[in-house]
Amino acid sequence: MAKVERPRSSATSALSFYIHIPYCSKRCGYCDFNTYTPKELGTADLALITTPYVDSAINEIELAKHQVGQAIVPTIFFGGGTPSLMPSGEIARLISSVRENFEISSEIEVTLEANPDTITEKYLSEIFAAGVNRLSMGMQSAVSHVLAALDRTHDPANVKQACEIAKRVGFKHLSVDLIYGVPGESIADWQTSYETAFSLPIDHISAYALIVETGTKLAAQVKRGELVMPSDDETAEKYLAFDGAAERAGFAWYELSNWAKPGGHCRHNIAYWNGSYWWGIGPGAHSYLNGRRWWNVKHPTTYQSAISGGQSPEANSELLSEENMRAEFIMLQIRMKEGIELARLDSRECEQAKSFRDSGHIDGEQWHSGRLVLTPRGRLIADRIVREMLV
Amino acid sequence: MPAIPLSKAPQPSKTDPAQIRNFCIIAHIDHGKSTLADRMLGITGVVDARNMREQYLDRMDIERERGITIKSQAVRLPWQSGLDGKDYILNMIDTPGHVDFTYEVSRSLAACEGAILLVDCAQGIEAQTLANLYLAMENDLTIIPVLNKIDLPAAQPEKFAEELAKLVGCKPEDCLRVSGKTGAGVEELLDQIVAQIPAPKGSADAPPRALIFDSVYDTYRGVVTYVRVFDGQLTPREQIQMVSTGVRHELLDIGVISPEPVSSKGIGVGEVGYLITGVKDVRLSRVGDTVTSYHNPAKQALSGYKDPKPMVFSGLYPIDGDDYPILRDALDKLQLNDAALVYEPETSVALGFGFRCGFLGLLHMEIVRERLEREFNLSLISTAPNVVYRVFLEDGSEKIVTNPSEYPDGKVAKVFEPIVKATILSPSDYIGTIMELCQSRRGTLGGMDYLSEDRVEIRYTLPLAEIVFDFFDQLKSRTKGYASLDYEPIGEAEGDLVKVDILLQGDTVDAFSSIVHREKAYPYGVMMTTKLRELIPRQQFEVPIQAAIGAKIIARENIRAIRKDVLAKCYGGDISRKRKLLEKQKEGKKRMKMVGRVEVPQEAFIAALSTNSDGESGKTKK
C-alpha cells in the first residue's frame, strides 16, 4: 500500500470554497442534484428557511478556519440548487464570512449560478457589490421544444436580457450552460442554441451532453418510451459540430465540456481538475484537503442539526492512496487542454495510450512534443481511454 | 409373505442357477423406473421402510436431480414365488437410460436373460426405449411388457397395451399393469419374472468367465467392478485377469449388492456381484471385458467387447485462465470413473489453455461439463460440439481432425464423416415437419412404421454432425416436445465439406471455425457474423467480421468504431464516484479476451458458441 499523508492543519496556501445552496423553486425533470423544493421541505416560503441555513453555512466556514488555519482563497463558487434564489444579503453574509476568516486573493473569482428568469438589475447590483464577479446562467437551449423536453419553462429571450443587465451592472465574466443530446433535438435545433449563445455578451460556455440519471423524471419517461434518447453517434456529432463552431466564434476549448474566450476560464473548476484544495460548504458538499476527501450529510435538515449541535456535518471520508491520486490525476488531467506530460506515465499506460494515438484519438503532434492531449474525437471517448490506461 | 429374510435366502456362491433370474428394466427417463425399483427393494424386504429414500439406487447427485441413471448397479433380491412357493434370487441390473450409453446398455442387457419393458401408460413408448428394446431382442432376452403409472388419471392402458403388444409380439392382455408409486401389481410382476425369464445356464466346472457390465470409481475402495458370472466361480484372494487388456489383479473383495455391498465367499454361475482389486482407474477394468482366472484362464472371451469410442468433441476452457490446473486435475479425476471420457491439452488463440475432450454423445458431454462446474467449482467455456473427420489430402496422406481449426488448409481430396441411424417416434401429425427437418439436415429416409393409429416410427440416416448441431432442440420445438430421438453410429460417409473460418479484424478466431457442408457454408457464415456483430461491443476502431472458406470471404459485417464513451461532467462531487467506478471496471476487464486487438467479452464467446438460445434442457426431468 502506498503511504498516505495524514491531513495537516496548517501550511495550506490556497483553499477554494464551494458553497452549496440546496434549494430550487421547482425540480427539473433531468436533475438529480442535491436540491430541495419548498414543497419537499414542507415550507411555503424559502425566505423562512434561508437565514437559518446561511447561519449554519457560516458556522461551517468557521469550522474550516478552525481546522485549516491560514489560507488564501482564490475562488468561491455558489452552486446549487438555485443560488440566485438567495436574498442578496445572505450571499453578502457568506462572502463576508469567508473574508473574515481567510485571506482573500486580490484576483478572487466569485461565481454564482443564476436563473435568468428571476434575476433583476437590483439583485445583480447588490450581489456584485457584495463581491460576486462572475455569473453562470442555466440557458440549456434556445429552442422551446427542447426546453420542454428538459422540463424547463423559461423563455429563451430571458437569457439575453439577463446577460445585458449583468453587463450593465458591471459583470465582466458571464457564462452559460448548454445541454445537447436531448430527446427530440435535431442537429439544426442544437445549432440554433449554440449560435444564439455565441451572440451573447459572454466569455464562457459549458456544453453538456444530457445524462439520464437514474431516479429522475426523465429516466422514467425514457423507460416508459415517452421520450427517446438520441443515439450516442448523433450526440457525438453534436459535440464535434459545437467544438468547431465554438472555436470559430472565439471560444477555445479548455476542458472536455468547457470553452472560453481569452481570460474567461472558470478558475474554480480548474482548481478541481488540477487537484488543488477546496472546501465544500453545505449539505452533500465534497471537500478535498491534503489527500483526504470527505463529504457532508446530504439533507439540509440533518446538516443544520449537526452544525447546531456543535458536530461536524461530515458523513464520510476517504484517504487517497498514491494509486488513487494517480488515477484521479490521469482521469481529470486527460480532460484538459494541457493534457498529461508523457513523462508522468508508466510504460504500460504509454503503450495503451499509443494505440489511441494510432487510432486518431490522441493528438500526434502533441505526443511528439511529449504531451498526451486528446483530439476532439478522443475527448468523446475519454472515459474509455482512461479505463484502458488504468485498468 | 413372499419376501424371504436375508439369512434364510439362498446364499451367494451357493445358489443353484435354476433359482436365479437376471433381469433389467428398459424404460424412458421419466417413465418411473427408479420408483418401481424402489418399490421392489421394499417389497422384497432388502430395504426396510425406515431406510428407504427416493431413487435409492441412483448414486450421484446429478442422477437424482436430473432423474437419469448414468451408472448402473445390480441388486440381489430374494423372492419366494407366489406361484410355486419356491425361493429365488432375482438380480435386478439397472441400465443407463440414454442414447449416448448404448454400448453400456448393451453390456447390461448381455448380463441378463430377461427384460422388463416399462412404459408410462400416460405417455407411450419413447424412441430411446424402443432402441433399447430392439437391442434386448437382438440379445434374445425374454421381454415382459409392463405398463406403469396405472394410478394416473391420464393413464390410457388399453391404448398403450396395444402398442406394446405389437412391438413385443404378444397379446395386449399379456401386458402387466403396475404402479410403482402405489405398489399395485408389483408382487405379480416379481412372480412373472420368475415364471417367464429363463434361468441362467453355464458350466460350473469350466474356467471362470464373468462379464464386466459396469465399473465405478469409489474414493475409499478404488474401482468397484460389477460382473455377471457365465462359467465357473470367482473367489476371494484369487488372481484374476482381464482378457482384453491382459491386466492381472488380486481379488481383494468380492460380494453382492443387496442393496449395500455384502462380501461373500465368491460368486458362481449365473450370479451377479462386485469385485474389488484396489485398482484406481476404471480404464483398467473396462465395461464389456471378460474376467477370468489368472491360473486357470478361459480360452475364449465372452463376445461383444468394444473400446469406448468418442463421437462428439468439444474444447473446454476455464473462464479464468488461472483455473487451468484445476480443470486438468478435475478431468483426471473424472476419468477415473468414466472410461469413455478422453481429453488432451489444446491451446486456442481466443480462449487460451484448455482441453479438447471426446464424449460418447451430447448428453455425455453435458454431464461431464456439469460435473466439472459443480463438483470442482469451475466456470467453463465450451466450443460448439463437433464430430471426428477423416481427411484425405491430394498427396494421399490421411489426417484425423477432432478440432475444426486443425482442418487442413491444403488440397483436400476426400473427407469422411460419421453417419448415424436415427429413430424418431412421434405422433403422426408431425411427420411432415420431422421429414422436413431431417431432409434439411442431409438425411436419407430409411423407413417409416406406424406403432399405433396415431404414432409413428421414422428412420433416417444422417451425418452425426447434423445431430450435434441443435437437432434435438429443433425436433422438440417442431413437435411441441412430443417426438423422441435415438441414434446409433453406423459408420462413415464421404461428405462435401468445407471449413468456415471467422475472422475478426483479419485474425481468425480459432474457437469459431466450423466444418460444414458446402451448401451450409454461406448461411453459417451469415449467422455467425450477424451474431457476433450483435455480441461484440464497439471498439476504438472499426472491426470487420468476416466468414471465409480458405482465402475466399463469403460473408461480412462491420462493428463501427465507438463514438462516445465519456460522461460530460466531472466536478468536485463527481471525482470519487468516477474513480471508484474505474476500480469496479477492473473486474469487467478480466472477463474480456483479446483476439488480436479486439476485446471480446466472455459472454460473447459463450453466446456465439451455444447452438441454441436456452441451453439443452429437453432431457431434464423436473
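Helices (H or I, at least four residues) and strands (E, at least two) are DSSP runs, numbered from the N terminus. The model is predicted: local features need pLDDT of at least 70 and side-chain atom pairs count only at pLDDT 80 or more, whereas totals for chains, interfaces and linings use all residues. Residues are numbered from 1 along each chain as its sequence is written, and chains are lettered from A and ligands numbered from 1 in the order in which they are written.

**View 1. Helix α6 of chain A and its buried side.** Helix α6(A) spans residues 157–169, and its 13 residues reach 19 Å from the first C-alpha to the last, close to the 18 Å expected at 1.5 Å a residue (the expected span is 1.5 Å times one less than the number of residues). V159(A), A162(A), C163(A) and A166(A) are buried in α6(A); a residue is buried if 20 or more other C-beta atoms, placed from the backbone, lie within 10 Å of its own, exposed if 12 or fewer, and partly exposed in between. After α6(A) comes G170(A), with a positive phi near 125°.

**View 2. The side of chain A that touches chain B.** In chain A, 36 residues are in contact with 22 residues of chain B; contact requires C-beta atoms, placed from the backbone, within 7 Å. Helix α16(A) supplies the largest share of this side of chain A, six residues. By class, the side comprises 18 nonpolar, eight polar and ten charged residues.

View 3. Strands β19(B) (residues 389–393) and β20(B) (residues 398–401) pair in the antiparallel sense over four bridges; pairing requires at least two DSSP bridges between two strands. R390(B) stands opposite I400(B) of β20(B). Four residues separate the strands of this hairpin, in which G396(B) takes a positive phi near 90°. Strand β21(B) (residues 412–427) runs antiparallel to β19(B), joined by four bridges, and V391(B) has V415(B) as its bridge partner in β21(B).

**View 4. Helix α4 of chain B, mostly covered.** Nine of the twelve residues of α4(B) are buried, among them L130(B), L133(B) and L135(B). Helix α4(B), residues 127–138, reaches 17 Å from its first C-alpha to its last, close to the 16 Å expected. Just after α4(B), D140(B) takes a positive phi of about 60°.

Key
Two residues are in contact if their C-beta atoms, placed from the backbone, lie within 7 Å. Ala, Val, Leu, Ile, Met, Phe, Trp, Tyr, Cys and Pro count as nonpolar, Asp, Glu, Lys and Arg as charged, and the others, Gly among them, as polar.
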